[in-house]
Amino acid sequence: MDGCVAVLDVGKTNAKLIAFSPDGKTLGQLRHPQQVVIQDGLRVLDVDGIANWLEGALAEFRARLNVGGVMISTHGCACALIADDGSLAAPILDYEQEFPAEANAEFARLAPPFSETYTPDLPGGLNFARTLFFQEWADPTLARRARHILTYPQYWVWRLCGGLASEISFLGCHSHMWRPLAGRFSSLAVARGWAEKFPPLRPAGALVGERDGLRIHNGVHDSNAAFYFYRSLGFADFALISSGTWVIIFNPDCPLDRLDPKRDMLANVTVDGEPVATIRFMGGREYDVISDQARNEVSEAALMQAIAGDQMALPSFAAGGPYPTRQGRLVGPPAPTAPERAAIATLYVAMMMARSLDLVGSSHDLIVDGGLANNLALCAALAALRPGQRLYRNTDAEGTAMGAAALAYRALGRTSVFPRQVESVEPWAPPGLADYYARWLERVEQR
């Protein structure tokens, strides 16, 4: 149990290494911007670039911090195929890679029904079973050459210590690989021979191996780590709004038969194997598109100007989400300045969150985690759009990494090590906000 835990958190936009003490204090953080490499015409994750950065980052942390273990959390929808000689049998594809129509049509004929996997049909590689199918479709020798299939967090475990493991929250993350209600591999995974290539399941946080005196813990799906974190703090009846490139909303009170696969609704599987209703949209990406990458602090005056001028954004500005067939557009007077664009983007994401919460029947407390928790105007506007629900935000905004670290400490026999770094958000309801949202909803639902 000696030493702190360093969490390698690999998101879609950035990779981070964050060190946490046993009592939940953040001791240090290093960041590395994500890269996508084009290889043979395909979008490939730059795992070597991350690995080279990680070597230096771990060395720096070990020089100035008492690091005793490494835990991993990653974004979903990526997997690695390992050959007999320990090399990658194929590159690790980025989930935004599109596949040929012929391959998609063949996969559609094989994919299990929603009632089995609670996995919607998502674009590109957002169902990583589709990625595997495409890779085997494109290279008929691959199925024979690939000895192990590793989900993305477990790839990093393997790369760090050579240990082989699988983990339930990633397998159950809109993959078409898992049957959440039955707790076993899907019919597709069995029929394709994939199930037998996954290493044995290990709990998230379990010790898998060592490297140079560092414990290597079994990794976890990022937003599931955040969901575990708030449960470990004692929150019970709540919906989690986990934000980053994606906004992912977990509502354990929503019955699974309410889920609509055409609106990017699905069942995630928690680290303890529990199915939980989820809805998603690419809110961080959409915010950047609408705001033109604006990083201005959003003022009440700018929000009120957007509301008064009926300046708004209509979905969708990225793949997936509850309006996947819509093409995003701006309506109302043009927004030439960065503060105006940031205000429109803030209101858009707040309204998309509110609408998504309606779709999953949320009525209890709300917790906003991740990068968008730092947008106080967004959180306050969302609180106003959800009257009767208390809204909290993580003031550190790193619930994913905190949850991953808490899982590692749980495996070492330490529980509830983190303080409640959440604060209540007061609603901000300027004149006209309710009518603005009503007009937005009417436009969105009638398009």
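G11, K12, Q34, Q35, V36, L45, H75 and D94 form the lining of the largest cavity. Sorted by class, that's 2 nonpolar, 4 polar and 2 charged residues. Bear in mind that this is a predicted model.

As for volume, the largest cavity comes to about 40 Å³. The count of cavities of 30 Å³ or more is 1.

The largest pocket holds about 1,300 Å³ of space. Its lining takes in 49 residues, and S243, G244, T245, G371 and L372 sit nearest the centre. Several elements give two or more residues to that lining, among them strand 2 (14–20), strand 14 (238–243), strand 20 (365–370) and helix 13 (376–385). Which helix gives the most to the lining of the largest pocket? That's helix 10, with 4 residues.

## The nonpolar cores

In soluble globular proteins, nonpolar side chains tend to be buried together. Here the largest nonpolar core has 102 residues, with Y152 and W156 touching the most other members. Setting aside neighbours within four places in sequence, Y152 is in contact with V10, L45, V47, I50, T74, H75, A78, C79, I92 and F170. Two of those partners, L45 and H75, also turn up in the lining of the largest cavity.

There's also a second, separate core, this one of 66 residues, including Y118, C254, I344 and L378.

Terms used. Residues numbered from 1 in each chain as written. Predicted model: local features only at pLDDT ≥ 70, side-chain atom pairs only at ≥ 80, totals over all residues. Heavy atoms only, no water. 1 Å grid on protein atoms, 1.4 Å probe; cavity = no way out; pocket = protein on both sides within 12 Å on 5 of 7 lines; lining within 4 Å. Points joined across faces, edges and corners; volume = space filled by probe spheres on them. Nonpolar A, V, L, I, M, F, W, Y, C, P; charged D, E, K, R; others polar. Core = buried A, V, L, I, M, F, W, Y, C linked by side-chain atoms within 4.5 Å. Buried < 20%, exposed > 50% of the residue type's maximum accessible area, 1.4 Å probe, protein only. Contact = heavy atoms within 4.5 Å.
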